[in-house]
Amino acid sequence: MKTFYIETFGCQMNAHDSEKVVGTLVSEGYTQVPAPEQADLILYNTCSIRDKAEQKVFHRLQQFKKQQGQGKLFGVLGCVAQQEGERIFERAPHVSLVAGSASYSKLPQMLVQLEAGNRHVTGLSLDTDEAFDTPFTRRDNPHRAYITIIEGCDKACAYCVVPFTRGPERSRAGASVLKEARELASMGYKEIQLLGQNVNSYRDPSPAGWDFARLLRAAGQVQGIRRVRFTTSHPRDFVKDIVDAIEENPVLCNHVHLPVQSGSSNVLERMQRLYTRDDYMRRIEWMKAARRNIAITTDIIVGFPGETETDFEQTLSLLEEVQYDSLFSFKYSRRPNTSALALDDHIPEEEKTRRLAILQEKQRAIQIRRNSELVGTVDEAFVEGYNQATGQWIGRTTQNRILNFIHPEHAGPSGDETLIGKYSDVRITRAGPNSLAGEAVTCV
Ligand code: SAM
Ligand code: SF4
């Protein structure tokens with residue numbers, strides 16, 4: 001029996017790629033095991049978005065190097081594989097397989113080569129024009145399923161490795177996306193999340209030629225699916241029709257993740273983000289003007305080369321103006337191949353750390369304020385788990401807020417009594433910066 005272990009680093013795209021890789025390996029006769037010690041083949045699906053993420057992968061490879069003597073095979077998949085290519089064989093000679101995400105459709109052939117004794121198997125071509133669409137996906141979460149609608153990225157943000165590691169944009173046919181959504185619904189999934197580096201530039205390659213808003217509307221009509229999410233949206237391609245689609249159908253979650261990166265138009269220009277602060281604010285205004293209360297979240301990079309104190313203050317003022325529900329913030333990290341490497345005025349690490357702390361403190365105060373405004377209201381939570389320590393169910397609202405709650409008739413998960421996978425109306429009684437707490441009102 002051939003066994004494999006896989007560890008995943010990075011974003012939701014990587015998590016979903018791993019689900020597809022697992023499905024493909026299982027269909028090729030491999031069995032997944034929970035620990036590397038038990039595996040014949042050890043795979044790392046890697047992330048290279050920031051330097052730290054990349055270092056983590058090489059550290060992990062070193063940890064298990066000793067086991068090479070025990071006949072184990074090692075493979076590096078994903079963004080570090082694509083970025084470093086065959087150099088990985090030099091840096092970590094115990095690795096036998098190096099493959100980027102654009103080559104995963106050829107995984108079965110790569111496995112055959114590995115089994116035949118080839119110890120330098122590569123899948124590094126970026127010229128595939130098809131998306132990695134496999135019937136074998138093994139999903140980790142029994143209630144919420146990812147569906148890739150577009151892979152790769154055709155933008156050229158000055159700091160970002162994704163166009164180099166994931167290749168050019170390839171959209172998947174709308175009919176294929178909807179077929180997968182219907183199959184998931186028939187398997188009992190209630191929530192789907194449409195995935196892509198830039199979902200808004202989706203363009204159906206079939207004659208139907210649907211844009212993203214059209215696909216979103218169709219996904220919202222799939223029988224049995226109660227919530228549809230999507231990520232990530234690029235501000236430049238975010239059109240008002242997406243807000244209109246959310247307004248029309250409550251199945252489409254009222255949450256939009258719209259990464260801004262900086263509140264300064266000067267920095268945005270240097271980043272080659274293709275929009276100004278005013279362009280961005282116009283999109284925010286569409287959402288704020290909607291009848292539904294659309295949660296808005298973002299990504300911010302501090303300390304991009306040349307970011308002045310004034311630029312940084314503009315980012316802080318943007319936080320005040322938008323009142324984000326949550327955000328991910330990062331210190332700028334130099335990445336290979338990117339055009340930002342050639343810019344002047346790289347910011348010292350301590351200054352980046354200082355700016356990040358100020359930004360996070362400001363956002364924390366905003367979140368405390370925004371979340372406390374919800375105390376006393378009732379919201380619907382999709383139940384994802386149970387916390388033994390606190391005796392609370394762990395739920396998520398359509399706005400993507402974590403809502404922990406107690407239920408008078410369901411004190412804990414026992415057999416059929418479990419609420420996991422169900423929906424419950426919850427009265428919000430307390431609010432923290434990162435989550436809400438409450439008591440169930442009804443359970444559907
Ligand atoms: N495609 C998405 C977009 O355009 O917003 C983002 C994809 S990226 C996987 C997620 C986030 O990582 C980005 O929004 C950015 O904030 C951050 N990021 C990307 N490259 C970075 C770098 N070199 N240093 C720090 N943060 C970075
Ligand atoms: Fe990276 Fe920009 Fe593409 Fe997002 S849009 S993946 S930040 S290059």
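A residue counts as buried when its relative accessible area is under 20%, as exposed when that value is over 50%, and as partly exposed in between. The structure treated here is a predicted model. Cys253 has a relative accessibility of 1%, so Cys253 is buried. Cys11 has a relative accessible area of 35%, and is therefore partly exposed.

These two cysteines lead to the matter of disulfides. A disulfide is a covalent bond between the sulfur atoms of two cysteines. To be counted here, a pair of cysteine sulfur atoms must lie within 2.5 Å. By this rule, the model has zero disulfides. Cys11 shows how the rule works: its nearest cysteine sulfur belongs to Cys47 and is 6.3 Å away.

The next topic is the ligand. Ligand 1 is surrounded by 16 residues, and the closest of them are Tyr159, Gln197, Gln261, Asp299 and Ser333. Three of these residues can be followed down to the atoms. In the side chain of Asp299, an N or O atom is 2.6 Å from an oxygen atom of ligand 1. The side chain of Gln261 likewise has an N or O atom 2.7 Å from an oxygen atom of the ligand. With Ser333 the backbone takes part: one of its N or O atoms lies 2.8 Å from a nitrogen atom of ligand 1. On its own, ligand 1 exposes 570 Å², and the protein buries 91% of that area. Two strands, β13 (295-302) and β14 (326-331), are the elements that give two or more residues to the shell. Sorted by class, the shell holds six nonpolar, five polar and five charged residues.

How values were computed. Residues numbered from 1 in each chain as written. Chains lettered and ligands numbered in written order. Predicted model: local features only at pLDDT ≥ 70, side-chain atom pairs only at ≥ 80, totals over all residues. Heavy atoms only, no water. Near = heavy atom within 4 Å. Polar contact = N/O pair within 3.5 Å; in protein donor to acceptor, adjacent residues only side chain to side chain. Areas by Shrake-Rupley, 256 points an atom, 1.4 Å probe, with all protein chains shown as cover. Helix = DSSP H or I, 4+ residues; strand = E, 2+ residues; numbered from the N terminus. Nonpolar A, V, L, I, M, F, W, Y, C, P; charged D, E, K, R; others polar. Buried < 20%, exposed > 50% of the residue type's maximum accessible area, 1.4 Å probe, protein only.
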